[in-house]
Amino acid sequence: MYRPRSTLSPLSLSRFFNPFVVALVVITVVGLLAMMAGLLIHFLAFDKKAYFYHSTFQILNVEYTEALNSPATHEYRSLSERIEAMITDAFRGSNLKSEFIRTRVVKLRKEGSGVVADVVMKFRSSKRNNKRSMKNRIQSVLQRLSSSGNLEIAPSNEITSLTDQDTENVLTQECGARPDLITLSEERIIGGTQAETGDWPWQVSLQLNNVHHCGGTLISNSWVLTAAHCFRSYSNPQEWTATFGVSTISPRLRMRVRAIVAHDGYSSATRDNDIAVVQLERPVTFTRNIHRVCLPAATQSIVPGSVAYVTGWGSLTYGGNTVANLQQGEVRIISSEECNEPAGYGGSVLPGMLCAGLPSGAVDACQGDSGGPLVQEDSRRLWFVVGIVSWGYQCGLPNKPGVYTRVTAYRDWIRQQTRI
């Protein structure tokens, strides 16, 4: 068969296969593919929004007791964890498993002789999804809940959609919540020495004539827990103010003090009963960055070797100046027996006191941290104040850990003064 000769000249062939032209075509194709991949990733990953919902669950086979009135009790913690696990398992095994993020029991309350749990649930789905359809799908999963182990649950037929602000308002009413809990995030990050905004939202700076003097801990919207020795020479409430936020120079909120109540049995010689409460001039409105810590039950166990955090604006070295930005330090609880050894404090640590630090020293409270909190996190990611910065020999020395007022020993005293 006759094959006609090409009419392209060698010159035109070289132009057709010009390497610059080929490169331009390749770059254009790669660019288009990258753009398409980017759009795909955007719609799959970034075209999603967090949605929060509130519902109630009646616990059919649990009778309400006073132990369920406080998140500090084992009974409250255990029942809440069981309810959360039951709801989580239901969604993980449903067609909403990819959208479900977390659930949280925010309150256990009495209804008749039984228990009702208020629950917030977080989902993440495409912005294009119909909200009504989403609520119906959630309701369908919840209606299949009945029992798990020895727990019987009857979910409500009503699910309420919450805005981000509604969710924050609900979760900040729960004591001891840090930012990751308020957003129901999975991230848990604590590190470094300088605290970030909202990390320790219960931290208070007690200022004498507008200069930082002691730390404190917000335990309600009106009361601050601190150390009695802060007021040995200055007990006039009119000289004191309380500020909130990580900076003492530019605080988020400043408030006058109405009253100072120091323990009648405080002894400057033995440092026993080093505890006080300060009443604010008016109640604080809780926000993501300013709200209360949890108070422990009087029976709560503080286990030697467990992790705790101390925070404050105290000096970074013994004899140094206080700092403007809130600092944080990770320490370990030390038994009183070990703390009272001859190489330590030789018996000066009394039953109402608690030791925390590191064997090598290094991390410790110092001057200016007095009155501030020593806190621990429980299994539900709530934070409890277990100690009040009280005394110690210098700062950060080996075998000379910080000594704190043991809050569990004064739980009844705090209740008597504040009704909390």
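## Disulfide pattern

Counted along the chain, the bonded cysteines pair as 1-4, 2-3, 5-6, 7-8. The structure holds 4 disulfides (cysteine sulfur atoms within 2.5 Å). This is a predicted model: local features need pLDDT of at least 70, side-chain atom pairs count only at pLDDT 80 or more, and totals for chains, interfaces and linings use all residues. Residues are numbered from 1 along each chain as its sequence is written, and side-chain values use heavy atoms, without hydrogens and water.

## Two of the bridges

Cys-214 and Cys-230 are bonded, with sulfur atoms 2.1 Å apart. The S-S torsion is about -100°, so this disulfide is left-handed. Cys-214 sits in strand β8, and Cys-230 in the loop between β9 and β10 (strands are DSSP E runs of at least two residues, helices H or I runs of at least four, numbered from the N terminus). Cys-214 is buried at 3% relative accessibility (buried means under 20% relative accessible area, exposed over 50%, partly exposed in between, with a 1.4 Å probe and protein chains only).

Cys-366 pairs with Cys-395, S to S 2.0 Å. Here the torsion is about 85°, so the disulfide is right-handed. The two cysteines are 29 residues apart.

## The largest nonpolar core

This core has 43 residues (buried Ala, Val, Leu, Ile, Met, Phe, Trp, Tyr and Cys joined through side-chain atoms within 4.5 Å). Leu-218 and Leu-225 touch the most other members. Strand β12 gives the largest share, 4 residues. A separate core of 29 residues includes Tyr-53 and Phe-57.
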